[in-house]
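I opened this notebook to record what I looked up, topic by topic. The structure comes before the entries.

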Amino acid sequence: MKPITKVVIPVAGWGTRSLPATKNIPKEMLPIYNKPVIQYVVEEAQASGMHNVILITNRDKSVIEDHFDHNLQLEGYLANKGKTEMLDAVKHVAEMVNIISIRQKEQKGLGHAILCAKAAIGHEPFSVMVGDDLIFGGTPGIQQLVDVAMSENKPVVGVMEVPWANVDKYGIVDGEEVGNGIYRVNDMVEKPAKDKAPSRLAIVGRYVLTPDIFEYLEKTEPGVGGEIQLTDAMRMLCKERGMMAVKIRGKRFDAGNWPEFLSANIYFGLQDENIRYPLIEELKQFLVLE
């Protein structure tokens, strides 16, 4: 398999789970500590050798593209004030990756969003990272998939175990474990009924795909929710050429879930030595039981 240098990040959704906060601000731009959600995702891709980021966006989300561009007025102000550390930080964001923006003109599901990237991907393998799924700790989440894709020469999907009560919220993989946390995929199903799920292995927004996925996306009929589901196209791809799944190591936060979003803010606040102990003291006030 060729080296993977391109990542598709779908960001065109409405972010309804995060309303009213996302009424006028994209959910991907909500801050987790001192960075917007999307920056953590892009940093994971960059750390895994992917410097070409294809954003599948819409007409109301240009602020995401702007975040990864230079703000000359701000940079000039910081330079004049001698705020070199802040200046370096904002310049770094503008220079970290090459952004390619493609509009998804109709909201037809994740599969359709990926299909929008066909021309930009060409005939190369590529990765997909969902813009509100954050994974931290050790080897970057997407790199764990890339390592298996390169060794097995197959597409790979990232999974994590979820409680049985939640399987109907995810695409679920039916797989045979062939290594430590590595599975050969037999089948997968999008949001199955709890009593029909083949496992608790839930797809969590990290994929390495081969360009033939586009052939299957083009003939995929609308599925769950009336949308073109990426899972349905991957089922066909899996039957033709095989597919692997990797149980991703690390801590995952779903930024569209309020308890996890707030937990992520605390998690990153505790990593910063400058605010760790004041933050702990503040939290103690809420944890005292009356």
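**Ground rules.** The model is predicted, so local features need pLDDT of at least 70 and side-chain atom pairs count only at pLDDT 80 or more, while totals for chains, interfaces and linings use all residues. Residues are numbered from 1 along each chain as its sequence is written, and side-chain values use heavy atoms, with hydrogens and water left out.

**Aromatic pairs.** I paired rings of Phe, Tyr and Trp (its six-membered ring) if their centres lie within 6.5 Å; planes under 30 degrees apart are stacked, over 60 edge-to-face, the rest tilted. That rule gives nine aromatic pairs. I looked at Y40 and F136, an edge-to-face pair with 5.5 Å between centres and 85° between planes. Y40 sits in helix α1 (residues 37-47) and F136 in strand β7 (residues 133-136), 96 residues apart. Helices (H or I, at least four residues) and strands (E, at least two) are DSSP runs, numbered from the N terminus.

Y40 is buried at 6%. F136 is buried at 15%. Ring pairs also link Y40 and F136 with F253, Y267 and F268 in a cluster.

**Nonpolar cores.** A core here is a set of buried Ala, Val, Leu, Ile, Met, Phe, Trp, Tyr and Cys residues joined through side-chain atoms within 4.5 Å. The largest has 42 residues, and those touching the most other members are I9, I32, I38, V42, L134, V156 and V208. Helix α1 gives the largest share of this core, six residues. Another core lies apart from it, with 32 residues, including V8 and I213.

I followed V42 next. Contact means heavy atoms within 4.5 Å. Not counting residues up to four places away in sequence, V42 touches I9, V53, F68, M96 and V97.

**A serine in a loop.** S18 lies in the loop between β1 (6-10) and β2 (31-32). S18 is buried, with a relative accessible area of 2%. What does S18 touch, beyond residues up to four places away in sequence? I found L30, A255, G256 and W258.

**Largest pocket.** I used a 1 Å grid over the protein atoms alone; a pocket is an open set of points where a 1.4 Å probe fits, with protein on both sides within 12 Å along at least five of seven lines, and lining residues have an atom within 4 Å of a point. The largest pocket holds about 1,200 Å³ of space. It is lined by 40 residues, and R17, K27, V130, D132 and K191 are the closest to its centre. Strand β11 gives the most to this lining, four residues.

L270 is in helix α10 (residues 258-271). L270 is partly exposed, at 28% relative accessible area. Leaving out residues up to four places away in sequence, L270 touches R276, L279 and I280.

D232 lies in helix α9. D232 is partly exposed too, at 24%. D232 and M188 are 44 residues apart in sequence, and 8.1 Å apart in space, C-alpha to C-alpha.

Terms used: Buried means under 20% relative accessible area, exposed over 50%, partly exposed in between (1.4 Å probe, protein chains only). Grid points are joined across faces, edges and corners, and a volume is the space filled by probe spheres set on the points.
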